[in-house]
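Try each task before you read the solution.

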Amino acid sequence: SLLSLCQNLLPLLSPPCFFSLRHPSFIPQPDWASLTLGVFVCQACSLLHRSIPHISRVKSVQDTWDASEVELMAAMGNTAAKAKYEQKVPAFYYRPTHTDCKLLREQWIRAKYERNEFEFIEKQEPYSAGYREGFLWKRGRDNGQFLSRKFILSEREGALKYFNKQDARDPKAVMKIETLNATFQPAKIGNPCGLQITYLKDNSTRNIFVYHSDAKEMVDWFNAIRAARFHYLQVAFPGASDEELVPKLTRNFMKEGFMEKTGPKHTEGFKKRWFTMDDRRLMYFKDPLDAYARGEVFIGSKENSYTVLSGLPPSTQGYHWNHGITIVTPDRKFLFACETEAEQRDWIAAFQRVINRPMRPQEYAGVKKRAHFFLFCF
């Protein structure tokens, strides 16, 4: 049966789904297979393969199979398919995991099997050329409306720019590639192609929210930003390997969500705010789609006397949510309250991961450079 064939071939296969990219010790049961591509896939990936029926026809390993279908699977398999369809993946190109949004996972599959982008380098031009120009829907900072804006990404100029008017000579904003980050946020933005771009402006974090109606177009923009960051870092750190640089290209936020907070005197009433944990920076916003943070605090390491505690000091008053968190820094304590115990556990775990990690030399430099913004406005 094919099921026994799957089991016999499994040790020879490369990981069949996104999950094992992040957890190599775990290989999910390949419950499905693509008859046309000759690869085994998990349940989640099979749903994405169904979106390209002209390329991939999936079938359960529990179904009845004829001899020719079994022979096809034995002849190809995941390892051979990976060697064929991923032979020229650029180092900067984002390889999604099971935790990434559907857009990234589906476009990865389409790029491999439908467009054959990693077999022919010329098909990678949209995100490899060092220059990209086009229109994206951008959310207005003040009115919240999405309007079409012209964007230009230029590695030569070291910047991503956007223009408020199509014929404008001067850009509305210039975002240096040095501080640029991009992360897909479909739920927050309310669009399956929603991308959050962050950069530093006057030493504080600025957010812009964009999307495009074409999924490939949006993922191409994302990988073009990663390519620009990659080439910038290659120049900035000439001795670094690709393996060292790739994790620095873009990053997802460690944790986001609502908490309550109080002011520096701990006597002000608690207010509900949206928090974003971006590496060592904890920022808070009145609204998840605000352009600027209302406040930002640096989270150092335990060697620098930073700790996180469950609960609030006994004298604390004014909170509505009962699951408290106290962050102790060399200068003061920051008090938060979560709505549920599960949220409290998740936030504490995120803070603990950062605090347990020794600080790098460049992080010490960043603290001095941005010290004036490590505040907590009420």
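**Exercise 1.** In what order do the three strands of the open sheet lie, and is their pairing parallel or antiparallel?

*Solution.* A word on the model before we start. It's a predicted one, where local features need pLDDT of at least 70, side-chain atom pairs count only at pLDDT 80 or more, and totals for chains, interfaces and linings use all residues. Residues are numbered from 1 along each chain as its sequence is written, and side-chain values use heavy atoms, with hydrogens and water left out.

Step 1: Strands are DSSP E runs of at least two residues and helices are H or I runs of at least four, numbered from the N terminus; two strands pair if DSSP finds at least two bridges between them.

Step 2: read off the order, which is β2-β1-β3, with antiparallel pairing. The edges are β2 (39-41) and β3 (58-60), each pairing on one side only. On average, neighbouring strands here are turned by 30° against each other, direction ignored.

Step 3: zoom in on β1 (residues 32-34), which is joined to β2 by three bridges. Ser34 sits opposite Val39 of β2.

**Exercise 2.** Work out the strand order of the seven-stranded open sheet, then trace its pairings.

*Solution.* Step 1: the order is β7-β6-β5-β4-β10-β9-β8, and the pairing is antiparallel. β7 and β8 (181-184) are the edge strands, and neighbours are turned by 35° against each other on average, ignoring direction.

Step 1: start at β4 (residues 131-139), which has nine bridges to β5. One partner pair is Lys138 with Leu147 of β5. These two strands make a hairpin with six residues between them, and Gly144 in the turn has a positive phi of about 75°.

Step 2: go both ways from there. β4 pairs with β10 (residues 204-211) over two bridges, with Trp137 partnered by Tyr211 of β10. β5 is joined to β6 (residues 159-163) by five bridges, and Ile152 has Lys161 in β6 as its bridge partner.

**Exercise 3.** Which residues lie nearest the centre of the second largest pocket, and which strand gives the largest share of its lining?

*Solution.* Step 1: a pocket is an open set of points on a 1 Å grid over the protein atoms alone where a 1.4 Å probe fits, with protein on both sides within 12 Å along at least five of seven lines; lining residues have an atom within 4 Å of a point.

Step 1: 18 residues line the second largest pocket, with Lys138, Arg141, Tyr162, Lys172 and Arg206 nearest its centre.

Step 2: β5 (146-154), β7 (173-176) and β9 (195-201) each supply at least two lining residues, and β9 has the largest share, three residues.

Definitions and conventions. Axes are lines fitted to C-alpha atoms, for helices over the stretch in contact, and angles run from 0 to 180 degrees between N-to-C directions.
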